Amino acid sequence: MSAVEAFAPRATLNIRDVSKSYVVDEKPLPVLRNIALDVQPGEFVSIVGASGCGKSTLLRLVVGLDADYEGEILLNGRRIEGPGRERGIVFQEHRLFPWLTVEDNIALGLDGSDEPQHVLDKRVRDNIALVGLAGFEKAYPHQLSGGMAQRAAIARSLVTQPAILLLDEPLGALDSITRAYLQKELLRIWQQERVTVIMVTHDVDEAVFLSDRVVVMEPRPGRIRSIVPVGLTHPRQRASVEFARVKGEILRDLSGE
Ligand SMILES: Nc1ncnc2c1ncn2[C@@H]1O[C@H](COP(=O)(O)OP(=O)(O)O)[C@@H](O)[C@H]1O
Ligand SMILES: [Mg+2]
């Protein structure tokens, strides 16, 4: 893959009829069935669904960590084969290396890049500023709060200028106040960078606050039950009637009524 493709600024993602099974006790365990989802450039899509319905598995397939599935996943029209710099991912745990500083953790994603060092250094600085961690470049992960560590993880995922950002319950381990604050930060970062985002979350409120569309999955095997367009302008008012209506629709779909 050429460097130009690797830094495609915007991404169209097509997930076409994807099914996946794991083998457990020598028997196939169907985990995803006939998943179809098209994500437009710059779109923010959330995925909600019961634990075990295959949300993380789906993200793993999009990241390219697992090629053992049926169907196809296309990024800008090309089949995904293995991980690539044009896709960044953030997990619930920050997964920063404890022996590296914030800036070194973030710079790690740029290893092997053939751009000049001063460009890479600037990219690291810009992303630290983007997530609000200026002043903490030399801090080690254990010196950061949970929210700050997630900010660093977000910066690390963005430093390669990915076309698509995959978030697997990125705020799931944070207290509610930090979480609400980082939701606004995610919104700001998304609006600033215009990156395509797919976020898995347990929190319907969070999904409605941030997303253009919310994919509701159902379990055993994981399928898409519905895709709910949010259709509200930002910043969204959680106390509004419209917000409650969309949230109610998603919650109804989730509970299978
Ligand atoms: N490597 C694996 N081997 C076997 N089964 C797995 C593996 N990873 C996940 N599973 C199973 O696949 C299902 C979906 O898991 P996962 O994608 O993590 O769901 P979610 O993220 O929605 O909670 C679960 O039943 C889980 O136990
Ligand atoms: Mg998961």
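Helices and strands here are DSSP runs, helices (H or I) having at least four residues and strands (E) at least two, numbered from the N terminus. Keep in mind that you're looking at a predicted model.

**Stop 1: the ligand shell.** Select ligand 1 and show what surrounds it: Tyr22, Val24, Val31, Ala50, Ser51, Gly52, Cys53, Gly54, Lys55, Ser56 and Thr57. Colour that shell by class and you get 5 nonpolar, 5 polar and 1 charged residues. Now switch to cartoon: β1 (13–24) and α2 (55–63) each supply at least two residues of the shell. The top contributor is α2, with 3 residues.

Stop 2: Zoom in on the oxygen atoms of ligand 1. Pick threonine 57, where a side-chain N or O atom sits 2.5 Å from a ligand oxygen. Next try serine 56, whose side chain puts an N or O atom 2.9 Å from an oxygen of ligand 1.

**Stop 3: along β1.** Strand β2 (residues 27–39) runs antiparallel to β1, joined by 9 bridges. Click valine 18 and you'll find isoleucine 35 of β2 opposite. The hairpin of these two strands has 2 residues between them, and aspartate 25 takes a positive phi near 55°.

**Stop 4: the other partner.** Select β4 (residues 70–75), also antiparallel to β1, with 5 bridges joining the pair. Finish on arginine 16, which stands opposite glutamate 72 in β4.

Note on methods. Residues are numbered from 1 along each chain as its sequence is written. Chains are lettered from A and ligands numbered from 1 in the order in which they are written. This is a predicted model: local features need pLDDT of at least 70, side-chain atom pairs count only at pLDDT 80 or more; totals for chains, interfaces and linings use all residues. Side-chain values use heavy atoms; hydrogens and water are left out. A residue is near a molecule or strand if one of its heavy atoms lies within 4 Å of it. A polar contact is a pair of N or O atoms within 3.5 Å; within protein, one must be able to donate a hydrogen and the other to accept it, and residues adjacent in sequence count only if both atoms are side-chain atoms. Ala, Val, Leu, Ile, Met, Phe, Trp, Tyr, Cys and Pro count as nonpolar, Asp, Glu, Lys and Arg as charged, and the others, Gly among them, as polar. Two strands pair if DSSP finds at least two bridges between them.
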